[in-house]
Amino acid sequence: MTPAARAQAAIELLDQIITAARTEGAAADTLIARYFKTRRYAGSKDRRAVRDIVYRAIRRSGEVPASGRAALLGLAGEDPALPALFDGSPHGPTQIEAGDEAAAASAAPKWLLPRFDPLLDDAEIAALLDRAPLDVRVNRLRATRDALDITGAEPTPLSPIGLRLPEGTQVEASDAWTAGQIEVQDEGSQLVSIACGAAPGMTVVDLCAGAGGKSLALAAEMDNSGRIIACDTDRGRLSRLPERAVRGGITIAETRLLDPRREAEALADIAGAADVVLIDAPCSGTGTWRRNPEARWRLTPERLERLTLLQARLLDLGAGLVRPGGALVYVTCSLLAEEGRGQADAFTRRRSSFVSELPPISWGRPAGSGRLLTPAHDRTDGFFVARWRAPC
Ligand SMILES: C[S@@+](CC[C@H](N)C(=O)[O-])C[C@H]1O[C@@H](n2cnc3c(N)ncnc32)[C@H](O)[C@@H]1O
């Protein structure tokens, strides 16, 4: 492909990504993969170059751009190599005309800025668009961090069970991954799993387990002894957990598919019985923009309101599963006050018999009754974590 044809491909992809963001359609990565599946003439260098342009254009636009062309023209204002590619050649973008719209640069949608946790200033918000490192969690059941020999791997600065790998490492092609010794997991996600305080022999409910990232980490903390009930309403995600558990040598995790709004019925047999309940709640994902910058284009005030209502409902549901004296842990990969400290304060007001306690960790910063990890301060994905002790 010529450089101009790559620019045109980026415009077409950005148009698709913008439409998908408005209509809750497929993720950018999926759209990019589909696009190239039907364009076999594009070699790996072309695909890498187009992908790079697309993601640079996404990262610099906090607001949804008017079109793919506007997104790229915005980027062209900052990258001197791009304007010349609007050359009107057969496969390239048409020439730039006076009045052509160019997307403005910003880190986040304007309506969202006042809703970030007060700890986040402009520099912290800008850092949400930095490039994320590639972290893996070492599975204590299969290996120790010191004994693993992976080219270029460095210990993660905060997590005692993490390794940071060179960008582009093909983790799933490695022997260590095949042997269940490592799992891809951001350092922040490892730390909030440790903050649950799960120990051997416990009964632990992971209420929003997804594909089991944190369930597997909890199982390792528990030395594969006890019981983990991993729940989710998404059949596709939850169905990936058993295979991952087998690879990691984990036998204590069972999955339970929940029917949205009828979760309590499916959990009646374990009401008041769990030593630890983890609620890794669905959220805006503002703490993971480094990996999913287009998530900013998908969030709307209405969607955020639906999420905060669901988080409150899941907290109340989780509270009913904790045994007397057990722990309730609330985690979000959000850096918005209403999904973090606001949600925790509202729960403490609703359920005053649950005593808020600081998570047993030293990383991050206190944020209301919980702690906050941010890319700028901790070099991890953003997380809020809070913890309560149930009444005896
Ligand atoms: C932040 S993700 C969980 C990520 C996962 N714990 C991990 O570490 O990979 C939130 C999950 O909540 C699930 N969810 C949404 N509504 C739910 C509900 N009513 N009950 C339980 N899980 C729900 C979503 O399907 C999603 O998988």
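1. For the complex, the predictor gives an ipTM of 0.99 and a pTM of 0.94. Please keep in mind that this is a predicted model, in which local features need pLDDT of at least 70 and side-chain atom pairs count only at pLDDT 80 or more, while totals for chains, interfaces and linings use all residues. Residue numbers run from 1 along each chain as its sequence is written.

2. On the overall layout, the protein chain is divided into domain 1 (3-106), domain 2 (134-184) and domain 3 (197-389), with bounds that come from an automatic or database domain assignment. The centres of domain 1 and domain 2, taken over C-alpha atoms, are separated by 34 Å.

3. UniProt, in an unreviewed entry, lists residues 102-391 as "domain: SAM-dependent MTase RsmB/NOP-type"; UniProt positions are given in the numbering used here, feature names are shortened, and annotations may be inferred rather than shown by experiment. In the model, this span is 27% helix and 22% strand, and its end C-alpha atoms lie 57 Å apart. Helices (H or I, at least four residues) and strands (E, at least two) are DSSP runs, numbered from the N terminus.

4. Which residues does UniProt list for "binding site"? The unreviewed entry names D232, D259 and D280. D232 lies in strand 6 (residues 227-232) and is buried, with 24 other C-beta atoms within 10 Å. By contrast, D259 is exposed, with 9 other C-beta atoms within 10 Å, and is found in the loop between strand 7 (253-257) and helix 11 (263-266). The cut-offs are 20 or more other C-beta atoms within 10 Å of a residue's own for buried and 12 or fewer for exposed, with partly exposed in between; C-beta atoms are placed from the backbone.

5. Leaving aside neighbours within four places in sequence, D232 is in contact with C208, A209, G210, R237, L238, L257 and L258. Contact here asks that the C-beta atoms of two residues, placed from the backbone, lie within 7 Å.

6. Helix 4 (residues 68-76) is worth a look: eight of its nine residues are buried, so this helix is largely enclosed by the rest of the structure. Those buried residues are G68, R69, A70, A71, L72, L73, L75 and A76, and they pack against helix 1 (3-22) and helix 3 (44-59).

7. An open sheet of four strands has the order 2-3-1-4 with antiparallel pairing. Strand 2 (154-155) and strand 4 (182-184) stand at the edges with a single partner strand each, so one side of each has no neighbour in the sheet. Strand 2 pairs with strand 3 (residues 162-165) over two bridges, DSSP needing at least two bridges between strands for a pair. E154 has R164 of strand 3 as its bridge partner.

8. How are the faces of strand 12 (residues 370-373) covered? G370 and L372 on one side, and R371 and L373 on the other, are all buried. Strand 11 (residues 365-367) is joined to strand 12 by three bridges in the antiparallel sense, with A367 opposite G370. Their hairpin has two residues between the strands, and G368 takes a positive phi near 60 degrees there. Strand 12 also pairs antiparallel with strand 13 (residues 383-389) over three bridges, where L373 has F383 as its partner.
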